[in-house]
Amino acid sequence: AFQTPSLTGFETEEDYNKATSAYPDKDLVIACIGDSLTEGDIGAFISGPDVKYRNYPYYLSKHFGCEVINYGKCGYTAQSYLAFYRQGNVDITRADIILVMLGTNAGLKRGGTGQYNSYLELIDEIKADMKEGAELILITPPYASANKSTSSSFVANVNEAAQTVL
C-alpha cells in the first residue's frame, strides 16, 4: 500500500486535481528540512524505484497544490545538518513555511550535548535567514516502537527528540 500513492477522500486523480485547483495558496512555498524521514529513504522496509519521491514533502505538495522543496538528507544528525546548512546547500529565503524534523539518527538530548546545541544553532540560523512573515515549524519525529526491525537506540533517539522538540 505504501508503494501506491493514495488520494484519501477522492475517488479519482481527476477529482483530486479539480479540488486542489481551488486552493487559494498556489504561490505558497514550503521548505522541508530533515533526515531520511524527510528525504523519503526509509531504509530496507520498502524498496522500489520511487521510494524517495513518495515522501511527506511530496504529499504536502499534492495536498496543498503548492511548491514544496525537500531538503531532507538520509542519515543526517542535527550536527551534520548544521554543517550542510552552513555550506549553503539549503535556500529558505523564498519559503513561507519552514518545517524542521531532525533527531531520529542521534537524538537531541538536552543538557549541552553536541546534537542539542547544533539543533538550537540550526534553528537560530534558519530564523536569521527566513523572509519576513515566514513561519518556522518544528516537528517531532513520528512514534517508533521496538520490534525485530528497529533497534532500541533508534527508538530512544526518536523518543528523546520528540521530548526535546515538545
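The buried residues of helix α4 are covered by elements that include β1 (29-34), β2 (67-72) and α5 (114-129), where contact means heavy atoms within 4.5 Å. The model is predicted, so local features need pLDDT of at least 70 and side-chain atom pairs count only at pLDDT 80 or more, whereas totals for chains, interfaces and linings use all residues. Residues are numbered from 1 along each chain as its sequence is written, and side-chain values use heavy atoms, with hydrogens and water left out. Helices (H or I, at least four residues) and strands (E, at least two) are DSSP runs, numbered from the N terminus.

**Helix α4**
- A78, Y81, L82, F84 and Y85 are buried in α4 (residues 78-86); buried means under 20% relative accessible area, exposed over 50%, and partly exposed in between (1.4 Å probe, protein chains only).
- These buried residues fall within an arc of 160 degrees seen down the axis of α4, so they line one face of the helix; the arc is that of the directions from the helix axis to the C-beta atoms.
- Just after α4, G88 adopts a positive phi of about 85 degrees.

**Strand β1**
- In β1, 6 of the 6 residues are buried, so the strand is largely enclosed by the rest of the structure.
- V29, A31 and I33 are buried on one side of β1, and I30, C32 and G34 on the other.
- β1 runs parallel to β2, joined by 6 bridges, and I30 stands opposite V68 in β2; strands pair if DSSP finds at least two bridges between them.
- β1 also pairs in the parallel sense with β3 (residues 97-101) over 5 bridges, with I98 as the bridge partner of A31.
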